Amino acid sequence: MGIVAGLDSSAEFTRIVVCDADTGAVLRQGYAPHPGEPKATDVDPQAWLLSLGEAAGGGLLEGVEAIGVSAQQHGLVPLDAQGGLVRPALVGNDKRAQVAAADLVEAFGGRQAWAEAVGSVPQAGQPVAKLRWLARTEPEHAQRVAMLLQPHDWLVWQLLGRPARRTTDRGAASATGYWSAGSGAYRPDLVELALGHQAVLPEVLGPAEAAGTTPEGLLISAGTGETMAAAFGLGLAVGDAVVSLGASGSVMAVHHEALADPQGLITSFADATGMHLPVVHTSNAVRALRGTAEMLGAESLDELSALALKSTPGASGLVLLPYLEGERTPQLPHTAGTLSGLRRESMKPEHLARAAFEGMLCSLTDAMDVLRGRGVEVRRVFLLGAAAGLPAVQAIAPAIFGAQVVVPQPADYAALGAARQAAWALGAARGTLSPTAPPAWQGAAAQIFEPGEELAVGQAVRQQYTATREQIHPGAFGA
């Protein structure tokens, strides 16, 4: 069918992959860091264009017929009535809006009201909270805001030559806090609640729709947020979940409908294919491993992993509740971690190391069970993050999760997902692909780990963990 490209404009860099539109085989790749301070919270969007231009240098895009754009989520690009920038873009890692987010929760009637309205409860990173912060902190800027875009929307608009029509996709829209994945519609009243007045919002395109064509005839697909693009690049389907192991953790799964969670534990994203991506976050994941490594004098997580594998399942009765920074799932924001089950025979480094891995994975399984409890099917778990390569994680996770574990080889999955979307839009425009069926690209190369005979052992470890959690935090997950 031809050649397509996917670009991922993350918080710190732009990656571009050029792929065969039929197979997904990567033909060429480009990379460039964003100019400026990597951790800046106020960013001139021109930096993203400069990085894109550098990454695409050397004829990288020669012969490309369509481009898909993935970009960092939760950014806000506020524009005036003429399409000019009101102030630098507010990006996702900006935590200044924490008070504004709490203010919005109260102003709209609580967590349940928000969850029912848009499938999520305002967090500091979301555009809706950034709008409230802007209105409270920079009212003169807030008054000039007439249009709202996210980073991927802005990049698509620039690639198309800044047309009158501005677009987004349902995946990126679902991260704003003012678009509902359940109803598939904006909530302009929430924009007004946050900003103080209405603003023009981008048109939400369907998964295989094109945002437009450049004057040179290059098709630009709808684009999407990084999370949704990575899920598409990985080839996730119903029955698949993704466990992300960062300092904090998250569990995301593919589901056929949006989930409104009265407790606000579930954030209900839409995906890039017409399905949904409910997500549950934990405040603690790899930070529990790093803390344990420091406590034991282990110089690396690899050393901690080797130590943990000298212990046995259940860590000789030691249980670590890894709530070191408080916890979001369950909602225990002011609690601390707990080490339970200390006996003379359990007070050995290898048992504490094992308890750290089991505690982290059991906590993530608690998050997974929030989704399972709402009817989400989990047959296969993709493990992402550097810690996914640790032997202790790979040995322990399948039995505790109660599912096959897939550890994909490192790749630019968000850029690949954007390229796959470009191929889909190109095929749909030419009538060679159905708008309801994306191109069948080869899935991610990966290691596979099965629970096998260890399944019963994993269930026993979970029971030990759950009993400890219920004893120390009774009713943390409700009835």
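Trainee: What covers the buried residues of helix 4?

Mentor: In this predicted model, the cover includes strand 7, helix 2 (98-107), helix 3 (111-118), helix 5, strand 8 (147-149) and helix 8 (188-195).

Trainee: What makes helix 4 "mostly covered"?

Mentor: The count of buried residues decides it: 9 of the 11 residues of helix 4 are buried. They are Pro127, Val128, Ala129, Lys130, Leu131, Arg132, Trp133, Leu134 and Ala135.

Trainee: Which residue forms a salt bridge with Glu138, and how do you know that the term applies?

Mentor: The partner is Arg87, and the closest N and O atoms of the pair are 2.6 Å apart. The cut-off is 4 Å between a side-chain nitrogen of Lys or Arg and a carboxyl oxygen of Asp or Glu, so the pair qualifies as a salt bridge. Glu138 lies in the loop between helix 4 (127-137) and helix 5 (139-144), while Arg87 lies in the loop between strand 6 (77-79) and strand 7 (89-90). The two residues are 51 residues apart, and the pair thus links distant parts of the chain. Both Glu138 and Arg87 are buried.

Trainee: How many salt bridges does this rule give?

Mentor: The count comes to 21. In general, side chains of opposite charge can pair when their charged atoms come close.

Trainee: Asp94 and Arg96 also form a salt bridge. Why is Asp94 called buried?

Mentor: Its relative accessibility is 3%, and buried means under 20%; Asp94 therefore counts as buried. Arg96 stands at 35%, which falls between the limits of 20% and 50%, so Arg96 counts as partly exposed. The closest N and O atoms of this pair are 2.8 Å apart.

Trainee: How are Glu470 and Arg469 classified by accessibility, buried or exposed or in between?

Mentor: Glu470, at 32% relative accessibility, counts as partly exposed. Arg469 has a relative accessible area of 6% and is buried. Their side chains meet in a salt bridge at 3.5 Å, N to O. Both belong to a network of salt bridges that links Asp366, Asp369, Arg372, Arg462, Arg469 and Glu470.

Trainee: Why are helix 12 and helix 15 called roughly perpendicular?

Mentor: Their axes come within 10 Å and cross at roughly 80°. Angles from 65 to 115 degrees count as roughly perpendicular, so the term applies to helix 12 and helix 15. In this contact, Glu358, Gly359, Cys362, Ser363, Thr365, Asp366 and Asp369 of helix 12 meet Val461, Arg462, Tyr465 and Arg469 of helix 15. By class, the contact has 3 nonpolar, 3 polar and 5 charged residues.

Trainee: How many residues make up the largest nonpolar core, and which have the most contacts inside it?

Mentor: That core has 58 residues, and those with the most contacts inside it are Val243, Leu245, Phe357, Leu383 and Phe401. Helix 12 (residues 349-372) gives the most to this core, with 13 residues. Apart from this core lies another, of 31 residues, among them Ala55, Ala56, Trp154 and Trp157.

Trainee: Which residues does Phe401 touch, leaving aside those up to four places away in sequence?

Mentor: Phe401 touches Val243, Leu361, Leu364, Thr365, Met368, Arg372, Val381 and Leu383.

Trainee: What joins Thr329 and Pro330?

Mentor: A cis peptide bond joins them, with omega about 0°. Pro330 lies in the loop between strand 20 (319-321) and strand 21 (338-340).

Note on methods: Residues are numbered from 1 along each chain as its sequence is written. This is a predicted model: local features need pLDDT of at least 70, side-chain atom pairs count only at pLDDT 80 or more; totals for chains, interfaces and linings use all residues. Side-chain values use heavy atoms; hydrogens and water are left out. A nonpolar core is a set of buried Ala, Val, Leu, Ile, Met, Phe, Trp, Tyr and Cys residues joined through side-chain atoms within 4.5 Å. Buried means under 20% relative accessible area, exposed over 50%, partly exposed in between (1.4 Å probe, protein chains only). Helices (H or I, at least four residues) and strands (E, at least two) are DSSP runs, numbered from the N terminus. Contact means heavy atoms within 4.5 Å. Axes are lines fitted to C-alpha atoms, for helices over the stretch in contact, and angles run from 0 to 180 degrees between N-to-C directions. Angles under 35 degrees count as roughly parallel, over 145 as roughly antiparallel, 65 to 115 as roughly perpendicular and the rest as oblique. Ala, Val, Leu, Ile, Met, Phe, Trp, Tyr, Cys and Pro count as nonpolar, Asp, Glu, Lys and Arg as charged, and the others, Gly among them, as polar.
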